[in-house]
Amino acid sequence: MLPGDVIMDTTVAANFPFLSTIVFLPLIGAALLYLFPSSKVETVRSAALGASLVTFGISLMMLLGFDSSISAYQFVENVAWIPSFGVRYQLGVDGISLWLVMLTTFLMPIIVVASRSVTTKLRGYLAAMLVLETAMLGTLVALDLFLFYVFWELMLAPMYFIIGIWGGKRSIYATLKFVLYTVVGSVLMLVAILYVVWQHAQQHDGEITFALQQLLLGTNLSFTEEFWLFAAFALAFGIKVPIFPFHTWLPDAHVEAPTGGSVVLAGILLKMGLYGFIRFAYPLFPLAAELFAPYLAGLAVIGIVYGSLVAWAQHDIKKLVAYSSVAHLGFCVLGVVAFNVIATSGAVLQMINHGISTGALFLLVGVLYDRRHTREISEYGGLAAQVPVFAFLFLVFTLSSIALPLTNGFIGEFLILTGSFQVFPVLTAISTLGVILGAVYMLTLYLRTMFGELDTARNGNLKDVNRHELAALVPLLVLVFVIGLFPQPFLRAIEPSVAAWKGAVQMRADSLLASRGSAQRFAKELDSHEVKLAALEQLDSGSVKLLDYQPAARSDRQSLGREF
Amino acid sequence: MNTSLGLQMFLVSPLIVVVLGALLLLLWEAFSSRAKATVSQTGECVGQDCAGWMTVGILVVAAFFGAATGGLAGPGQTAFSGFVYVDPFSTFMGVVLLFGSMLAVLLGMGKLSAQGIEAKSEFYALVLFATAGALMFVAAAELVTLFVSLEIMSLALYALCGSALRLRRSAESALKYFLLGSFSSAFLLYGIALLYGVTGTTFISAVSREIAGNASPILMLSLGLMLVGLVFKIGAVPFHFWAPDVYQGAPTSVTAYMACVIKAAAVAVTLRVLWVAFEDVQQFWIGAVWTLAVLTMCGGNLIALRQRSVKRMLAYSSIAHAGYMMIAFLAPGDTNGGGAAILYYLIGYTLMTMGAFAVILGVTSEGESERDHDHISKFYGLSERAPLLAALMALFMLSLAGIPPGLAGLLGKFYIFGAAIRADYVGLVIIAVLNSAVSCYYYLRVIVAMYFMKSEAGDKAEPVEALPALTPALLSVLGVCSLGVVLFGLFPGLLHDSAAAVMLGFAGP
């Protein structure tokens, strides 16, 4: 199957508008919450739980209907929204966004269950969460640039309120910083989007379209244009990830956010930046991406090492986990910019893993904070004796976070390192330092809080996790091992899409080069393209599985080198 | 043009309705005040609402006539020896102006005494006179008519600014506006005079023909002077100095009226003058408008950052928005050009700004006579005291900042920036979007005050003083504005398509 041809697979599209349902159910749920009086806390919580569970259920049905062997967008919906400007309400999901969608719908009931630590204005909190869910899901499935932008911006307001109203002491500073950082990036992205669209319109008799697929097909850009446009997109996405040196908003936001806010921030919001790189920045501007890739990889590695070192130095548990996010996301960035099927698939999987393990860690920090109202590491010690179940959960998620084999973190990190080593050997070697440092700071944290002598005066009355907290944590615990032991079902859906994505990016690079008239280079690219297509067909037909993927990948490397 | 007097009268019927209505109100006031001595306190209360509702009724009737004239005039028809030009553009703007005036009137209804306005019927009559001036302003096809209508509009406004008779800041506002306003009118008039000297005509279409390929230094001077006179009313930097003081000092109803209706009229007329009269000397004004737009955006936004008074902040924000709109002057074009974008933006901006002023009035109306009546601390903890007002204010602030769910603001920027990028003003758009990012700070600070801060009274353990009940009129303004902001954002085609249709036939008479 030609990757460029997989524009729209209408045969797969079910008649039921799965994606619209999933996207807008939480919003409807949020509105319904206001039917109940805010004083009836439990009713409101149940209603929110119901809405998020129904959403999750429908997304599970979508998952069952998802055909892993197809790399094209599935469940496509396509309706005109602003006809005079060619803006369409176009949704679709592929292997890259599928698990992120699932993670979003999966985390939301957990956040609702964990909302017991929210003591004031619970109804508003849950409504904001549900609106945020709509925004995140919309961002993940939008295939029209303007629709994407609207959902992207819609993520801001609810998060702004969540941090501001239910946050800590410095929450106003943190939430303003979060919004302003994000807005600066995203408004420049809007300019870039409009520029691409007008270039496309100029080249196609004034036919205006914001549909990603159409823009990919025939928008010729000069290299200078591509350079600046990619820079604008990369700034928006880089701030969101966040890539060093744009990360400074993240620790503030994490520390001040309420537990649920931190979970959703680490779990999904940060992934939007990476997702944006994969879905929009790379396919639209492949040659500029090629130019930027080593620098982005360099920044990612700086983020990994720097984030790890700073995490090591923290006294505050939540801050430590927040900085560990900077490091973990550095790995994901590295995987994406390495631009090969293994590393990028690994990065997509690692996004899910990070969502699970870091989300769980934030929940656990929240559990401690609810009881002691402090997050200072020195306040704790020897907790393993006092709260054994908590200590066990903390251990599992710590190990998952430092990517121990059998846990989910291992698979993702391993794939990223394997893949990116082929492209950036030196940088990848340095980044392994981050793996070691990760173990150092997480195990030090565990050592200092869970082992040692129990300070009975301060922690003697600490209660173990209650059933609500357990209900929130156990699903995550299960997933840690499910992905750790059986990664194939997950990767099977991711890989064809990543392979097709890579092919599409390369084809666009070729066509951009061709349009710029560098015939010689084009011929060379075309040559390698044939070989790559053969490899792709093999992948699509399902004859190559991931864990025995190594040899195929090696031949991939030998015959193609770095495609660019 | 050989049109009968009856037809000509019909073409300006909205204007006639408004003026007659204003006169009627004045007469009614004269007669009812004689009877007032005998009626009770409640009777007076009913009377004041009567005048308000009558005004709304007059405006509605005028709007209907406006729509009807649009159908009759077709692509464009002159009246009264070519002094007035009724085309889809002027009809559309007319309806927008009438609608804006209606919102402004509803806004203040029942809250006039709280704002210090004692002469109710005169107030409404003055609003109608100003609206009549604005209607003629956008329909003027001849420069002296244009000037006269501007003066009708402005004189009524000067009086309106000072209508809170006992408040010093209201008087100060009126005086400042009057002095600077007459100065700017003089600029405009001098520009018109010079233009007449160069071209020998004052008809816009004839001017456009005369100056084709006939640029002279005097023409440039006249263009510059006219531009100064017009952008003064828009509130562009560096001709903005009046705006903050006047906006803050005037009664909130009047501020809302000025920020929306007057600005809309001035933007429309500037569009007509630049795109029609000076179409052939584009090269002279493009640079000037570019510079003005940048100064206006940056100036408005940067100074707004420091404001603690919400009305003053909105004044600077309205300056900044004028800057965004001026970008569209540079991007003419078809359906997706700057003209349609500017019309969409004007309506979106009117809805959000009017909504924001409605909330301010709802929050501060009892203390309007105090010096700091609109200080941001008055909004502390509003989400506890009045959740609905706070939520709506948050919506309007987000919309002004261009962040969903305030979609009208976002779509407005989308249309304008899209048109500008299409016309190759990428640098200008980058400056604009960075400004829009800066503006988030001060819009969000209002939300910070309402949602993240405790109300001042709450700290002192005093019972939090309840907000005065909202009048039905104010509620209807809030409802219309919030619905409009969301609806026109979700379905921008509703508005933008008709705006684009209006702009298709945009030309001189």
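Author: In chain B, residues 24 or more positions apart account for 80% of the contacts with a separation of 6 or more; two residues are in contact if their C-beta atoms, placed from the backbone, lie within 7 Å. This is a predicted model, in which local features need pLDDT of at least 70 and side-chain atom pairs count only at pLDDT 80 or more, while totals for chains, interfaces and linings use all residues. Residues are numbered from 1 along each chain as its sequence is written, and chains are lettered from A and ligands numbered from 1 in the order in which they are written.

The secondary structure of chain B comes to 21 helices and two strands, these being DSSP runs numbered from the N terminus (helices H or I, at least four residues; strands E, at least two). Its radius of gyration is 22 Å, close to the 23 Å that the globule rule gives for 509 residues, so chain B is as compact as a globular protein of that length. That radius is taken over C-alpha atoms, and the rule is 2.2 Å times the number of residues to the power 0.38. The C-alpha trace of chain B spans about 75 × 55 × 40 Å along its principal axes. Of the 509 residues, 61% count as buried (20 or more other C-beta atoms within 10 Å of a residue's own; exposed is 12 or fewer, partly exposed in between; C-beta atoms are placed from the backbone).

One such residue is B:Asp374, buried because it has 24 C-beta neighbours inside 10 Å. B:Asp374 sits in the loop between helix H14 (338-364) and helix H15 (382-385) of chain B. Leaving aside neighbours within four places in sequence, B:Asp374 is in contact with B:Ser309, B:Val310, B:Lys311, B:Ile360 and B:Thr364.

Helix H4 (residues 88-108) and helix H11 (residues 252-277) of chain B pack at about 175°, with axes 9 Å apart. Axes are lines fitted to C-alpha atoms, for helices over the stretch in contact, and angles run from 0 to 180 degrees between N-to-C directions. H4(B) and H11(B) are therefore roughly antiparallel (over 145 degrees; under 35 is roughly parallel, 65 to 115 roughly perpendicular, the rest oblique). The residues of this contact divide into twelve nonpolar, four polar and no charged, where Ala, Val, Leu, Ile, Met, Phe, Trp, Tyr, Cys and Pro count as nonpolar, Asp, Glu, Lys and Arg as charged, and the others, Gly among them, as polar.

Towards chain A, 29 residues of chain B are in contact with 26 residues of chain A. H18(B) gives the most to that side of chain B, with 13 residues.
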